[in-house]
Amino acid sequence: MGCICLALGCVGIALPILPTVPFFLVTVFCFANSSQKLHNWFINTKMYKKHLESFVKKKGMTVQTKATILLSVTLLMGIGFFMMIRKAIYIPCIILGIVWLCHIIYFVFGVKTISKAEEEKIKSESR
């Protein structure tokens with residue numbers, strides 16, 4: 001299950017309809033409960049340390065991390081939206097718009113914003 005979620009998260013980097021962060025969080029959960037070696041590998045990756053470590057440990061992200069994630073999601077979904085709207089494929093455009101709106105709402109209101117100092121403290125505690 002962890003490998004499937006990891007693959008879906010990686011595919012979600014390129015496909016705008018798949019959210020990456022939830023898949024990577026499920027990957028961490030699955031790896032932590034199944035294979036210590038896979039868990040250790042994943043939590044030592046640059047992507048995990050940069051984007052997920054503070055969220056997993058303190059349930060929060062810095063404004064910069066949130067902005068980076070939201071910008072990349074918006075750009076990728078915008079490309080997908082533009083391509084579908086050019087071909088007059090309206091129902092998937094509506095679905096994509098709803099998914100995008102849910103991303104915005106979740107990251108703005110659902111994820112706690114932490115300061116850079118708090119993030120650095122979390123990273124130094126994990127070393």
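The structure is a predicted model, in which local features need pLDDT of at least 70, side-chain atom pairs count only at pLDDT 80 or more, and totals for chains, interfaces and linings use all residues. Residues are numbered from 1 along each chain as its sequence is written, and side-chain values use heavy atoms, with hydrogens and water left out. The protein chain contains 7 helices and 2 strands; helices (H or I, at least four residues) and strands (E, at least two) are DSSP runs numbered from the N terminus.

**Overall architecture**

- Along the sequence, the elements of the protein chain follow the order α-α-α-α-β-α-α-β-α.
- Taken along the principal axes, the C-alpha atoms of the protein chain fill a box of roughly 50 × 30 × 20 Å.
- The protein chain has 127 residues, of which 34% count as buried; buried means under 20% relative accessible area, exposed over 50%, and partly exposed in between, with a 1.4 Å probe and protein chains only.
- The protein chain exposes about 8,100 Å², and carbon and sulfur atoms supply 72% of this area. Accessible areas come from the Shrake-Rupley method with a 1.4 Å probe, and for residues only the protein chains shown count as cover.
- Among contacts in the protein chain with a separation of 6 or more, 58% are between residues 24 or more positions apart; contact means heavy atoms within 4.5 Å.

**The pair α5 and α6**

- Two packed helices are described by the angle between their axes and the distance between the axes.
- The axes of α5 and helix α6 (residues 90-110) come within 10 Å and cross at roughly 170°. Axes are lines fitted to C-alpha atoms, for helices over the stretch in contact, and angles run from 0 to 180 degrees between N-to-C directions.
- The two helices α5 and α6 are therefore roughly antiparallel to each other, a term for angles over 145 degrees, while those under 35 count as roughly parallel, 65 to 115 as roughly perpendicular and the rest as oblique.
- Residues of α5 that meet α6 include K66, L70, M77 and M84, and their partners in α6 include Y90, L96, W100 and F107.
- T74 is in helix α5 and touches W100 and I104, not counting residues up to four places away in sequence. T74 is partly exposed because its relative accessible area is 30%.
- M84 also belongs to helix α5; leaving aside residues up to four places away in sequence, M84 touches I89, P92, C93 and L96.
- In the loop between α5 and α6 lies A88, whose phi is near 60°, a positive value in a residue other than glycine. A88 counts as partly exposed, at 42% relative accessibility.

**The nonpolar surface patch**

- I79, F81, F82, M83, I85 and Y90 form a nonpolar patch on the surface, with about 610 Å² of accessible area together.
- Patches are made of residues with over 30% relative accessible area and no salt bridge, where like charges are joined within 9 Å and nonpolar side chains (Val, Leu, Ile, Met, Phe, Trp, Tyr) within 5 Å. A salt bridge is a side-chain nitrogen of Lys or Arg within 4 Å of a carboxyl oxygen of Asp or Glu.
- Helix α5 (residues 63-86) supplies the largest share of the nonpolar patch, 5 residues.
- F82 lies in helix α5 and is partly exposed, at 49% relative accessibility.

**Residue separations**

- T74 and I17 are 57 residues apart in sequence and 11 Å apart in space, C-alpha to C-alpha.
- M84 and K57 are 27 residues apart in sequence, with 38 Å between their C-alpha atoms.
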